[in-house]
Amino acid sequence: MTRAPLLASLTTLVALAFLVSLIAGKVWITPWNLVSGSAQALIMAELRLPRALLGLGIGAMLGASGAVLQGYLRNPLADPGLLGVSASAAFGSVLALFLGLAVTPLVVAAFGMAGALAAMALLALLAGSTGPTGFILAGVILSSLAASLTALLISLAPNPFALEEIVTWLMGALTDRSRADAAVALPFIAIGLALLAGTGRALDALALGEATARSLGVDLGQTRALVIAGTGLGVGAAVAVTGVIGFVGLIVPHLLRPLAGEQPSALLLPSALGGAVLLLFADAAVRLAPGATELKLGIAMSLVGAPFFLALLWRHRARLA
């Protein structure tokens with residue numbers, strides 16, 4: 001599929017998914033019932049609209065960051081969750097909750113972004129001497145370490161209420177997110193997306209190898225800084241608001257690569273749009289699941305993403321056989 005029809009189709013799907021996110025739920029909201037001051041109008045303004053905006057922004061961030069990391073590392077299995085970036089952001093945010101510093105969403109977001117930035121900086125430092133394979137291995141170790149530290153904080157939680165808050169948050173969800181949450185996260189997500197958008201040319205050159213990229217005038221240090229800052233700010237802010245929602249950055253680029261082409265820069269915008277579509281529809285689906293309470297979005301994405309990841313590994317193994 002050529003670029004223009006693909007982008008037009010994805011943009012249409014984003015608009016449709018956003019509309020579904022606004023109206024779908026245990027209580028369906030129809031436009032003709034949005035009378036000023038009505039209960040449905042209040043639900044729309046205070047709950048559904050911030051939730052839809054966060055789903056749009058976070059989905060776009062996760063999709064784009066997955067595409068960038070796969071292009072930067074020349075590894076189709078790269079993803080913020082698999083590399084420990086999401087887990088490190090979660091540890092930072094949980095630390096804020098544990099210390100009782102989560103007085104505003106901005107504080108939690110700051111701790112989450114600090115964790116994600118630290119993880120990306122450490123991974124990039126290791127990649128400078130070990131290459132993409134070392135980057136992946138270091139990411140797996142970092143993910144395990146961040147998860148262990150988070151579990152330590154949970155075990156040391158000062159009271160049952162703090163424990164419940166941390167565990168519930170870690171499951172990942174857009175439930176009951178407010179306009180304040182959206183106001184904190186979305187600007188940082190927008191900055192992160194803008195920084196990642198600036199890596200397209202460098203990623204195309206890196207596909208030919210680092211030596212070739214240098215000969216083409218690519219500043220690898222600047223590219224690394226853009227990847228670190230963009231992923232750290234965007235993913236950190238997303239995790240701080242919703243908890244860990246995995247596999248979006250893994251699934252979306254793989255689904256769209258046959259349509260967008262193998263060139264990394266051509267995949268960035270489609271992956272951002274595709275991530276938004278996936279997360280908005282997934283969030284609407286968990287609201288419509290049977291039961292008195294919602295299925296957590298992070299759990300739902302893991303149930304979809306884990307088999308997808310195993311299928312990728314199996315296909316990769318078959319190619320090598």
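1. Helices here are DSSP runs of H or I with at least four residues, numbered from the N terminus. Keep in mind that this is a predicted model, where local features need pLDDT of at least 70, side-chain atom pairs count only at pLDDT 80 or more, and totals for chains, interfaces and linings use all residues. Numbering runs from 1 along each chain as its sequence is written, and side-chain values use heavy atoms, with hydrogens and water left out.

2. Helix α1 itself covers residues 3-23, 21 residues in total, and reaches 31 Å from first C-alpha to last, close to the 30 Å expected. That expectation is 1.5 Å times one less than the number of residues.

3. Which residues of α1 are buried? They are L6, L7, L10, V14, A17, F18, S21 and L22, where buried means under 20% relative accessible area, exposed over 50% and partly exposed in between (1.4 Å probe, protein chains only). Looking down the axis of α1, these residues fall within an arc of 140°, so they line one face of the helix; the arc is taken from the directions from the helix axis to the C-beta atoms. The face turned away from the buried side carries the exposed A4 and T12.

4. What does the buried side of α1 pack against? The partners are α2 (39-73), α10 (248-260) and α11 (264-288). Beyond its neighbours within four places in sequence, S21 is in contact (heavy atoms within 4.5 Å) with R48, A52, L280, D283 and R287.

5. F247 is worth a click too: it lies in the loop between α9 (220-242) and α10, and is buried with a relative accessible area of 17%. Its C-alpha is 8.5 Å from that of L62, although the two are 185 residues apart along the chain. Not counting residues up to four places away in sequence, F247 touches D79, M301, S302, G305, A306 and F309.

6. Last, α6 (residues 179-197): its 19 residues reach 26 Å from first C-alpha to last, close to the 27 Å expected. There is a kink of about 25° at A185, shortly before the proline P187; the bend is the angle between axes fitted to the seven residues ending there and the seven starting there. A185 is also among the buried residues of α6, including D181, I189 and L196.

Key. Helices (H or I, at least four residues) and strands (E, at least two) are DSSP runs, numbered from the N terminus.
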